[in-house]
Amino acid sequence: MELVRATEAAAIRASHYVGKGDKNAADGAAVDAMRAFLSTVSFDGIVVIGEGEKDEAPMLYNGERVGDGHGPRCDIAVDPIDGTSLTAAGRLDALSMIAVADRGSMFDPSAVFYMEKLVAGPEARGVIDIRQPIGENIRALASAKGMPVGDMRVAVLDRPRHAELIQAIRATGAGTELLLDGDVAGAINAAREDSRVDMCIGVGGTPEGVISACAVKALSGFIQGVLRPSSDLERARAESQGLDVDAVLESGDLVRSDNVYFVATGVTSGSLVRGVERVGGRIRTESIVLRSQSQTVRRVTGDHLADRWA
């Protein structure tokens, strides 16, 4: 619940900027609020995935220590707003997120910014593989789930780099769910049993891939990733850190701990949670809380006195 308070605070502060066209102001408000609440949490946390390097991000930067310094030693991944552009435009599926795991267990995404990801539910294990053509994966997963290929839906970020991928998906007879932004929500929906999305694939941010892995592990889902260096400099940096850019990274490579928490609160409404709403004199939030050890999925609705957030 302490983590939920941090994402709720970030979402509430960011909600003031929904639809107002200023993504930097929304992100700044969310960062300030999340950091203030994280300072009260009973743990000794190090931000592995944050807003960037210290010189670029004065708060919640990579390597920053958070929490009150007592309790478990943890790796922290924060994204005060996954979908700043969505927030600024007033579109769906903007989230405030935190993932927590045992110290030293999260993959360091700093060497290579982009990663190709493949996510699905538990039925995908031993059935699909990121190295196979997308058509083979769709047909194999449809067979494993006992459903027609034509009923399959695949989430993909709507980017020019995915034009051929989208065409190949549709050529199988499957449908697409094109994501404007925020591929973490797409990954979570692909791993959920009660979602209409069956698979999420495509190239997105490596930090988001690690955060997705935390959530997918808590859902007992399937995830694979392959680093995609965008320059010779990135490739050289990865190799200098001992990374094999051609290796397929599994769930256990992206987050080695089995003691993982993932928390997300809706900034704007979407397929995962509802966004911040004002109901009379109260502000209502909806959050999802995932825990890997117990494999529990909790939904938390909070009603907050609006006067306290004025």
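Author: Let's start at Glu-234, which, neighbours within four places in sequence aside, is in contact with Ala-111, Val-112, Phe-113, Arg-228 and Pro-229 (contact means heavy atoms within 4.5 Å). This is a predicted model, so local features need pLDDT of at least 70 and side-chain atom pairs count only at pLDDT 80 or more, while totals for chains, interfaces and linings use all residues. Residues are numbered from 1 along each chain as its sequence is written, and side-chain values use heavy atoms, with hydrogens and water left out.

Glu-234 sits in helix α8 (residues 232–240); helices (H or I, at least four residues) and strands (E, at least two) are DSSP runs, numbered from the N terminus. Glu-234 is buried, with a relative accessible area of 9% (buried is under 20%, exposed over 50%, partly exposed in between, using a 1.4 Å probe and protein chains only). A polar atom of its side chain lies 3.1 Å from the backbone nitrogen of Phe-113.

Now for the sheet. Its six strands form an open sheet with mixed pairing, in the order β7-β6-β8-β5-β9-β10; two strands pair if DSSP finds at least two bridges between them. β7 (175–179) and β10 (249–250) are at the edges with a single partner strand each, so one side of each has no neighbour in the sheet.

β9 (residues 222–227) has six of its six residues buried. Phe-222, Gln-224 and Val-226 are on one side, with Ile-223, Gly-225 and Leu-227 on the other. In a regular strand, side chains alternate between the two faces of the sheet. β9 pairs with β5 in the antiparallel sense over six bridges, and Gly-225 is the bridge partner of Lys-117. β9 and β10 also run antiparallel, joined by two bridges, with Gln-224 opposite Glu-250.

Over at β7, the pairing with β6 (residues 153–157) is parallel, through five bridges, and Ala-155 stands opposite Glu-177. Helix α4 (residues 134–145) packs on the sheet, touching β5 (114–120), β6 and β8 (199–205). Helix α5 (residues 163–171) packs on the sheet too, touching β6, β7 and β8.

Last, the packing. The largest nonpolar core has 46 residues, and Met-106, Val-119, Leu-254 and Phe-262 have the most contacts inside it (a core is a set of buried Ala, Val, Leu, Ile, Met, Phe, Trp, Tyr and Cys residues joined through side-chain atoms within 4.5 Å). Helix α7 (residues 206–218) supplies the largest share of this core, seven residues.

Technical notes:
Axes fitted to C-alpha atoms, helices over the stretch in contact; angles between N-to-C directions. Polar contact = N/O pair within 3.5 Å; in protein donor to acceptor, adjacent residues only side chain to side chain.
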